[in-house]
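Please keep the sequence and the structure in view while reading.

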Amino acid sequence: MKNIFFFMIYFFHVFFLSTRFQAGEAVSGVSQVKSSVQRAIKAKLVEQFPPIEDFMAEILPKKESLVVVKCHEHIEILSINQEILFFRQREGDYLPSLRLLHKYPLILPQQQVDKGAIKFLLSGANVMCRGLTSPGAKLAALPKGTVVAITAEGKQHAVAIGKMTMSSEEIRETNKGIGIEVIHFLNDGLWQMKQLEK
């Protein structure tokens with residue numbers, strides 16, 4: 001499972017984050033989701049992100065058609081009306097897009113980095129432990145493996161989504177190395193797609 005996660009990070013940095021990424025070239029199939037499958041997806045999302053239940057009727061309204069977009073390298077995108085809502089790889093956990101997270105910031109727990117980390121985050125760099133423990137950062141008590149919204153000192157919206165490589169306690173104790181693996185960040189290929197082509 002760990003190897004799959006790190007491959008997913010590598011793929012997004014090489015494929016989705018590439019300036020030459022073209023949605024049309026990446027898509028290998030598009031299909032409308034049956035109502036029974038849509039219910040299962042909703043249940044899985046609530047299981048992964050319990051706070052999302054309060055907003056589920058808005059995010060995945062019953063009257064709208066949910067579409068699964070399959071891309072190369074086993075990437076799967078959930079979309080309604082061409083809007084990218086969630087993505088995952090190799091039947092792994094769904095992750096919200098940053099655009100969705102900006103609309104519903106409460107669906108993920110947050111970790112705040114200091115101002116000095118912002119320029120590195122916007123280049124796709126991972127979050128180092130020192131960026132979470134220095135003045136200006138706010139380190140919430142969360143376990144290893146938690147998917148988090150990465151906010152930044154002085155910024156209103158999350159600048160990235162990542163997965164904690166160690167617990168908050170371990171981050172404080174070691175204060176070195178990578179604390180959060182970044183998966184999706186502002187201005188990467190997924191962000192620039194904005195909407196899927198019809």
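## The buried side of helix H3

The buried residues of helix H3 are Gln38, Ile41, Lys42 and Leu45. Here "buried" means under 20% relative accessible area, "exposed" means over 50%, and "partly exposed" lies in between (1.4 Å probe, protein chains only). These four residues of H3 cover an arc of only 100° around the axis, which puts them on the same side of the helix; the arc is that of the directions from the helix axis to the C-beta atoms. An α-helix has 3.6 residues a turn, so residues three or four places apart point the same way. On the other side of H3, Arg39 and Glu47 are exposed.

Helix H3 comprises 14 residues, 35-48, and reaches 20 Å from its first C-alpha to its last, close to the 20 Å expected at 1.5 Å a residue. The expected span is 1.5 Å times one less than the number of residues. Helices (H or I, at least four residues) and strands (E, at least two) are DSSP runs, numbered from the N terminus. The cover over the buried residues of H3 includes helix H4 (56-59), S3 and S4.

## Source and confidence of the model

The model is predicted: local features need pLDDT of at least 70, side-chain atom pairs count only at pLDDT 80 or more, and totals for chains, interfaces and linings use all residues. Residues are numbered from 1 along each chain as its sequence is written, and side-chain values use heavy atoms, with hydrogens and water left out.

The predictor's confidence in each residue is given as pLDDT, from 0 to 100. For the protein chain the mean pLDDT is 84, and 84% of the residues reach 70 or more. Over residues 1-25, however, pLDDT stays under 50, and the model has 48 contacts beyond four places in sequence for this stretch. A contact means heavy atoms within 4.5 Å. Where pLDDT is low, the predicted coordinates should not be read in detail.

## Salt bridges

Side chains of opposite charge can pair when their charged atoms come close. A salt bridge is a side-chain nitrogen of Lys or Arg within 4 Å of a carboxyl oxygen of Asp or Glu. The whole structure contains four salt bridges. In one of them, the side chains of Glu76 and Lys70 meet at 3.1 Å, N to O. Glu76 is buried, at 8% relative accessible area, whereas Lys70 is partly exposed, at 40%. Glu76 also forms a salt bridge with Arg88, the closest N and O atoms being 3.1 Å apart. Arg88 lies in strand S4 (residues 83-89) and Glu76 in strand S3 (residues 75-80), so this pair ties together parts that are twelve residues apart in sequence. Arg88 counts as buried, with 9% relative accessibility.

A further salt bridge joins the side chains of Glu83 and Lys103 (2.8 Å, N to O). This pair links distant parts of the chain, since Glu83 is in strand S4 and Lys103 in helix H5 (residues 98-103), 20 residues apart. Glu83 is partly exposed, with a relative accessible area of 23%, and Lys103 is exposed, with 52%. Through shared partners, salt bridges join Lys70, Glu76 and Arg88 into one network.

## The loop between S3 and S4

Which residues here have a positive phi without being glycine? Asn81, in the loop between S3 and S4, has a phi near 55°. Gln82 is found in the loop between S3 and S4 and has a phi of about 70°. Asn81 is partly exposed at 48% relative accessibility, and Gln82 is partly exposed at 28%.

## An aromatic pair

The structure holds one aromatic pair. The rings of Phe55 and Tyr104 have their centres 5.3 Å apart and their planes at 45°, so the pair is tilted. Rings of Phe, Tyr and Trp (its six-membered ring) pair if their centres lie within 6.5 Å; planes under 30 degrees apart count as stacked, over 60 as edge-to-face and the rest as tilted. Phe55 is in the loop between H3 and H4, and Tyr104 is in the loop between H5 and strand S6 (110-113), 49 residues apart. Tyr104 counts as buried at 14% relative accessibility.

## Thr151 in strand S8

Thr151 belongs to strand S8 (residues 147-152) and is buried, with a relative accessible area of 6%. Not counting residues up to four places away in sequence, Thr151 touches Gln110, Gln111, Gln112, Val113 and Ala158.
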